[in-house]
Amino acid sequence: MRIYDDEKQELARKAKTRALMLEYVDNRINFYRNLKYDKLLVKDFAIFALRGVSTAEDYAREAFHAVESSSEETVMGSTWQRIIAAISDDTIDTGDLTATRDDTVYVIELKAQDNTTNSSSFPGELRGLRQRMNEIEGRRRASKQKVAAALCITRSTRKTSVDEWREFQASDVVRENSDLNGFKYRYLSGTAMWQFLCGIDSPYGLIRPFDQINTDEIREARENSLERVTRELIADLDKYHLGHDVEGVVELSDIFKSEAERKRRARLNKK
């Protein structure tokens, strides 16, 4: 089944999407090749210890997955934004996403999941939308074109999609956000969001079948990266005569932190 009425249009958008996905794959390959094992030492050790992770090798594997997952979410979010701009009409990505729909210019904040709207940074994101609205309204004052804000969720945890207008109201506890009271924005998630921006129910039809994407190189880079950072971690544990367990990993992290602090103080003393 075709996604679009026009077969040529569908093929063109599939080609654009696949090209951007291949750029994502190249990004991930570079990530794995350049990953340093010290990135694994900034995680919360208690989480892994309380999960039952006991050996340094197990910690390296679990922390590796956590670091790569965080990086994947960030890069994939940027990739979806680029894809949306590439396959949508009247949609521009200049770092910030804007789209014209029904004679209204929407300034858009793209989020991966709906639970991000519960974060402490959410009011700041709404302020960013309001600022962008004000800037566009200033440039388009003569045309009197409507400008609105939209919060778009690419991957919703709800069973049904959402398309509704919401109005921010600060809680009585967090009064510093009261400047946003009454700020209205359009909230779209899941299928409604993809319909609104791209005219499709889901983006995966532009990519599937997945097995046609060659992932051999990224799989090899990933396996080699995990093997390498584990080997480097064990080597430094041995260098400092520390055990091959989580306790040793924590002590190694403390050594590096102390050394970084010593260098910081030395730089300050030279000023």
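Visitor: Leaving aside its neighbours within four places in sequence, which residues is Leu-129 in contact with?
Guide: Keep in mind that this is a predicted model. A contact here means heavy atoms within 4.5 Å. By that rule, Leu-129 touches Val-107, Ile-108, Glu-109, Ala-149, Ala-150 and Phe-183. Val-107 sits 22 residues away along the chain, yet its C-alpha atom is 6.5 Å from that of Leu-129. As for its own place, Leu-129 is part of helix H4, which covers residues 122-139.

Visitor: Is Leu-129 buried or exposed?
Guide: Buried means under 20% relative accessible area. Leu-129 has 1% relative accessibility, so it counts as buried.

Visitor: How many disulfides does a search of the whole structure find?
Guide: A disulfide needs two cysteine sulfur atoms within 2.5 Å. The search turns up zero. Take Cys-152: its closest cysteine sulfur belongs to Cys-198, and because the two are 9.5 Å apart, that's too far for a bond. Cys-152 is buried, since its relative accessibility is 0%. Cys-198 is buried as well, at 5%.

Visitor: What about the largest pocket: which residues lie nearest its centre?
Guide: Those are Tyr-24, Arg-28, Glu-72, Met-76 and Ile-218, out of 19 lining residues. The pocket holds about 450 Å³ of space. Sorted by class, its lining has nine nonpolar, three polar and seven charged residues.

Visitor: And which helix gives the most to that lining?
Guide: That's H3, with six residues. Helices H1 (7-34), H3 (56-87) and H6 (216-239) each supply at least two.

Methods. Residues are numbered from 1 along each chain as its sequence is written. This is a predicted model: local features need pLDDT of at least 70, side-chain atom pairs count only at pLDDT 80 or more; totals for chains, interfaces and linings use all residues. Side-chain values use heavy atoms; hydrogens and water are left out. Helices (H or I, at least four residues) and strands (E, at least two) are DSSP runs, numbered from the N terminus. Buried means under 20% relative accessible area, exposed over 50%, partly exposed in between (1.4 Å probe, protein chains only). On a 1 Å grid over the protein atoms alone, a cavity is a set of points where a 1.4 Å probe fits but cannot get out, and a pocket is an open set with protein on both sides within 12 Å along at least five of seven lines; lining residues have an atom within 4 Å of a point. Grid points are joined across faces, edges and corners, and a volume is the space filled by probe spheres set on the points. Ala, Val, Leu, Ile, Met, Phe, Trp, Tyr, Cys and Pro count as nonpolar, Asp, Glu, Lys and Arg as charged, and the others, Gly among them, as polar.
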